[in-house]
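Please keep the model open in your viewer, with residue selection and distance display ready to hand. The tour below moves from selection to selection and says what is there at each stop.

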Amino acid sequence: YEDRDGTIWMDGKLVPWRDANVHLLTHALHYASSVFEGERCYNGTIFESVKHSERLKKSGQLLDMDIPWTIEEIEQAKYDMLKANGWDNAYVRAIAWRGAGDDMGVAANRNPVRLAVAGWEWGNYYGDAKTKGARLDISKWKRPSPETIPCQAKAAGLYMICTMSKHAAEAKGCSDAMMFDYRGYVAEATGANIFFVKDGEVHTPKPDCFLNGITRQTVIGMLEDRQIKVNERHIEPSELEGFEQCWLTGTAAEVTPVGRIGDYNFEVGTMTREIADAYETLVRS
Ligand code: PMP
């Protein structure tokens, strides 16, 4: 991703792709003082763009890091970047971090908070699992307690266990891993929320220690519009056996059916297909 043509917005300027670099002594690289967003632009419009910019600002605040740009400026930056690259359809990555500065220790109040917006063309996050149904491994890593980390922030530090979980899953031929939370309840995948279907109702973990995804909230609204009951609650591992359908939601994942988690199988059923199709239509409308 480093050596290619393109344009990235960095601290208020559009810079050539290859020049969008940071110094080795960037605080974020040493101490994970970084928050980011993943968004998708469909036919020239970023889906729920303002919600993503607001979450970025909030994630910064949760890390005691005020991003020195307004929502309007972040919105402008995203569209300027897309225009400079000539993209109508792209994944958008906004990222804010503590840069290099006068502090090299853990405290970093004298280091600037920086912001960049990049993008790239990204097809199906889970490849052909998008239609066939993804296979998920079960991770040995647990989503941490809200007392140990600001779990509602989309912060780089929360992804260390996700990368390890996903690597372990891919080594077993799976697309991703499902993670339990610190109490042992079903939580989410490494970059997407999870839903289950049983007897015509939907069950999804209560997002009390992981990201309440923007796609998740959109999909809950779509289900409610269809008068389908959504149960947001704690889900025990023993319940996996009884669920009929399962899907993941996320900006990158969109709505991806799940065919298998560990040894439990799910059908790619009517409700899963309907919600996946309706989401596709909604984001492009
Ligand atoms: N959980 C995690 C860990 C994620 O990285 C993401 C992707 N941002 C999600 C859930 C889904 O969030 P969203 O629907 O806002 O993309």
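The model is predicted, and local features are described where pLDDT is at least 70, side-chain atom pairs count only at pLDDT 80 or more, and totals for chains, interfaces and linings use all residues. Residues are numbered from 1 along each chain as its sequence is written.

**Stop 1: the two domains**

Select residues 7–120 as domain 1 and residues 129–284 as domain 2; these bounds come from an automatic or database domain assignment. The centres of domain 1 and domain 2, taken over C-alpha atoms, are separated by 26 Å. Counting two residues as in contact if their C-beta atoms, placed from the backbone, lie within 7 Å, 20 residues of domain 1 are in contact with 12 residues of domain 2. On the side of domain 1 that touches domain 2, the elements giving two or more residues are β3 (34–42) and α2, and β3 gives the most, with 8 residues. Helices (H or I, at least four residues) and strands (E, at least two) are DSSP runs, numbered from the N terminus.

**Stop 2: α2 against α3**

Now select helix α2 (residues 49–62) and helix α3 (residues 71–85), which pack at an angle of about 120 degrees with their axes 10 Å apart. Axes are lines fitted to C-alpha atoms, for helices over the stretch in contact, and angles run from 0 to 180 degrees between N-to-C directions. α2 and α3 are therefore oblique to each other, since angles under 35 degrees count as roughly parallel, over 145 as roughly antiparallel, 65 to 115 as roughly perpendicular and the rest as oblique. To display the contact, pick Ser-49, Val-50, Ser-53, Glu-54, Leu-56 and Lys-57 of α2 together with Ile-71, Ile-74, Glu-75 and Lys-78 of α3.

**Stop 3: α6 against α7**

Move to helix α6 (residues 214–225) and α7, whose axes come within 11 Å and cross at roughly 115 degrees, which makes α6 roughly perpendicular to α7. Here Val-219, Met-222 and Leu-223 in α6 meet Ile-275, Ala-278 and Tyr-279 in α7.

Stay on helix α7 (residues 270–284) and select Val-283, which is found there. Leaving aside neighbours within four places in sequence, Val-283 is in contact with Tyr-42 and Phe-47.

**Stop 4: the largest nonpolar core**

A nonpolar core is a set of buried Ala, Val, Leu, Ile, Met, Phe, Trp, Tyr and Cys residues joined through C-beta atoms within 7 Å. The largest one has 66 residues, and Leu-136, Met-178, Cys-246, Leu-248 and Val-258 touch the most other members. Strand β5 (residues 90–98) gives the most to this core, with 5 residues, and the core draws at least three residues from each of domain 1 and domain 2. Centre on Cys-246, which, not counting residues up to four places away in sequence, touches Ile-194, Phe-195, Phe-196, Val-258, Ile-261 and Phe-266.

**Stop 5: Val-92**

Finish in strand β5 at Val-92, which is buried, with 25 other C-beta atoms within 10 Å. Val-92 and Gly-38 are 54 residues apart in sequence and 5.8 Å apart in space, C-alpha to C-alpha. Beyond four places in sequence, Val-92 touches Glu-39, Arg-40, Cys-41, Ile-46, Lys-78, Val-117 and Gly-119.

Definitions and conventions:
A residue is buried if 20 or more other C-beta atoms lie within 10 Å of its own, exposed if 12 or fewer, and partly exposed in between; C-beta atoms are placed from the backbone.
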